[in-house]
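Good morning, everyone, and thank you for making time for this.

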Amino acid sequence: MSDATLHATSPDPDDFVVQIADQVESFLVAVTEVAKGDEPDSAVPFLLLEVSQLLLAGGRLGAHEDIVPDERYEPDLGPEADVDELRERLAAMLEPIDVYSEVFDPYEPRKAPVPARISDDLADVMADLRHGMAHYRAGRTTEALWWWQFSYFSNWGSTASATLRALQSVVAHVRLNQPLEELDGLDTDQDLGEEALAEEAGKVMVEEIAGPLGLRTVK
């Protein structure tokens, strides 16, 4: 991609930066709408779709050559937008399946899974993406791409990937009529091993979460 593309003054829908920005904006708008709680019956399938689409943008950023910002130091964007309310709304909506277990680095041997929350993950991803969007809306397109690429590698890529696996697992359990292991009462600040996770996990039938989360079982 040429410098002319990165610094284009008139947006071209075929430009890489415009396409990435459109995918980021779509995710930001969609998750914000889900968090309002107006349509809880479709929350999980909708989030599964949106996270999947966002990771397509992440894959494109990851496959792209290193993007170098225009300035040595990142321009000051002022106060960051607060994501705590969004986090709390998502946590309340996803309460039956919010906590899941995750291995952060699959290439680190014998790494024990730790508890995580879908609501925390989505809020963290939103914060990263909003930061880059602030640069984009200010006309600093190279800075925006640099931030989205850097934070994809350093944070939101792995976070969104873990969230996708959790959401996909929920949908699969429901569609296949399989019991779901609920991490009941786990504190996500605890660093628990695999045995502790198993001891804490309680059996919850899929039917108990299918309706409220907008999922159906296979007949």
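This is a predicted model: local features need pLDDT of at least 70, side-chain atom pairs count only at pLDDT 80 or more; totals for chains, interfaces and linings use all residues.

Let me start with helix α6, which runs over residues 141-175. Although α6 has 35 residues, its end C-alpha atoms are only 42 Å apart, which falls short of the 51 Å that a straight helix would reach at 1.5 Å a residue. Where does α6 bend? The bend is at Tyr152, and it comes to about 75°. Just after α6, Asn177 takes a positive phi of about 55°.

Now to the rings, where the count comes to six aromatic pairs. One of them joins Trp146 and Trp147 in a tilted arrangement, with 6.0 Å from centre to centre and 55° between the planes. Trp146 also pairs with Phe150, and here the rings are stacked, with 5.5 Å from centre to centre and 10° between the planes. If you look along the helix, you will find that Trp146 and Phe150 both lie in α6, four residues apart, or about one turn of the helix. Through these ring pairs Trp146, Trp147 and Phe150 are linked into a cluster.

Let me turn to the charged side chains, for which the count comes to eight salt bridges. Asp84 is partly exposed, at 38% relative accessibility, and it belongs to a network of salt bridges that links Asp84, Arg87, Asp120 and Asp124. Arg89, in turn, forms a salt bridge with Glu85, with 3.2 Å between the closest N and O atoms, and these residues are separated by about one helical turn because they stand four residues apart in α4.

Which residue forms a salt bridge with Glu102? The partner is Arg165, and the closest N and O atoms are 2.4 Å apart. Arg165 lies in helix α6 and Glu102 in strand β1, residues 99-102, so this pair ties together parts that are 63 residues apart in sequence. Glu102 is buried, at 8% relative accessibility, while Arg165 is partly exposed, at 45%.

Key: Residues are numbered from 1 along each chain as its sequence is written. Side-chain values use heavy atoms; hydrogens and water are left out. Rings of Phe, Tyr and Trp (its six-membered ring) pair if their centres lie within 6.5 Å; planes under 30 degrees apart count as stacked, over 60 as edge-to-face and the rest as tilted. Helices (H or I, at least four residues) and strands (E, at least two) are DSSP runs, numbered from the N terminus. The expected span of a helix is 1.5 Å times one less than its number of residues. The bend at a residue is the angle between axes fitted to the seven residues ending there and the seven starting there. A salt bridge is a side-chain nitrogen of Lys or Arg within 4 Å of a carboxyl oxygen of Asp or Glu. Buried means under 20% relative accessible area, exposed over 50%, partly exposed in between (1.4 Å probe, protein chains only).
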